[in-house]
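The sequence and structure come next.

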Amino acid sequence: MTGPAGGSARGTVPGLATAHPLGAALPAVYAEDEFGQRFVAGLDVVLAPLFHVLDSLEAYFSPALAPADFVDYLAGWVGAELTGAEPLALRRQAVASAVALHRVRGTRQGLAFAVRLAFGVMPEITESGGASWSVRPLGPFPGAPEPGVHVTLRVADPAAVDPYRLRAVVAAARPAHLPFTVAVAATSRSSEGDRSHE
């Protein structure tokens, strides 16, 4: 969550007390000075959020506990590929799972996980590669001769899925050397059918 100028939404909080009031730390000569006490009380209002942040700094680095605007900073730090329009719960999950996703990046598992994280649906993935064994030499080669990956996302309403977002997610998570295609399809066969994008 960002403020009007695109920065942090955090600032002074009305009624927030400080654990370290400056007035109590002033020399005795200022202890009963009304102006001095009112002056430092104004500084307490500014410093109170800072003290509270420092007291709970560990929570800022936990995706489940961090404030909404700080979750977006964490997403940038861990390389979570988000548009910023996702619900907060999904952004928190993306940050929490970013390290695990980086470990399997470029694999079928990593591709499926990235698509599921972005769209909430497990995709169908068709690969050109394959593995096989034979008791006789010169057996047929498994897989397709042309390399490639095809990802199909089956959802109830294909029109609600942004195919360019799907393409961007697949492009970032696929094996780097493989060409790919994507398609968005309806879960029921009676609907409009596939929308393919190469």
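Helices (H or I, at least four residues) and strands (E, at least two) are DSSP runs, numbered from the N terminus. The model is predicted: local features need pLDDT of at least 70, side-chain atom pairs count only at pLDDT 80 or more, and totals for chains, interfaces and linings use all residues. Residues are numbered from 1 along each chain as its sequence is written, and side-chain values use heavy atoms, with hydrogens and water left out.

Which residues of helix 7 are buried? They are Gly110, Leu111, Ala112, Ala114, Val115 and Leu117. Buried means under 20% relative accessible area, exposed over 50%, and partly exposed in between (1.4 Å probe, protein chains only). The end C-alpha atoms of helix 7 are 17 Å apart, which agrees with the 16 Å that its 12 residues should span at 1.5 Å a residue. That expected span is 1.5 Å times one less than the number of residues. After helix 7 comes Gly120, with a positive phi near 75°.

## Nonpolar cores

A nonpolar core is a set of buried Ala, Val, Leu, Ile, Met, Phe, Trp, Tyr and Cys residues joined through side-chain atoms within 4.5 Å. The largest one here has 20 residues, and Leu111, Val115, Val149, Val151, Leu166 and Val170 have the most contacts inside it. At least two residues of this core come from each of helix 7 (108-119), strand 2 (149-155), helix 8 (163-173) and strand 3 (180-186). Leaving aside neighbours within four places in sequence, Val170 is in contact (heavy atoms within 4.5 Å) with Leu111, Val115, Val151, Phe180 and Val182. A second, separate core has 12 residues, among them Tyr60, Ala80, Ala94 and Ala98.

## Salt bridges

The whole structure holds 4 salt bridges, each defined as a side-chain nitrogen of Lys or Arg within 4 Å of a carboxyl oxygen of Asp or Glu.

Glu34 and Arg38 are 4 residues apart in helix 2 (residues 34-55), so about one helical turn separates them. Both Glu34 and Arg38 are exposed.

Asp72 belongs to helix 4 (residues 68-78) and Arg91 to helix 5 (residues 88-96), so their bridge ties together parts 19 residues apart in sequence. Asp72 is partly exposed, at 30% relative accessible area, whereas Arg91 is buried at 8%.

Arg154 in strand 2 and Glu124 in strand 1 (residues 124-127) are 30 residues apart, and the pair links distant parts of the chain. Arg154 is partly exposed at 22% relative accessibility, and Glu124 is partly exposed at 39%.

## Enclosed space

How many cavities of 30 Å³ or more does a search of the whole structure find? There is 1. On a 1 Å grid over the protein atoms alone, a cavity is a set of points where a 1.4 Å probe fits but cannot get out, and lining residues have an atom within 4 Å of a point. The largest cavity has about 240 Å³ of space, a volume being the space filled by probe spheres set on the points, which are joined across faces, edges and corners. Its lining has 19 residues, of which Ala80, Glu81, Leu101, Ala114 and Leu117 lie nearest the centre. Helix 5, helix 6, helix 7 and helix 8 each give two or more residues to this lining.

Notes. 1 Å grid on protein atoms, 1.4 Å probe; cavity = no way out; pocket = protein on both sides within 12 Å on 5 of 7 lines; lining within 4 Å.
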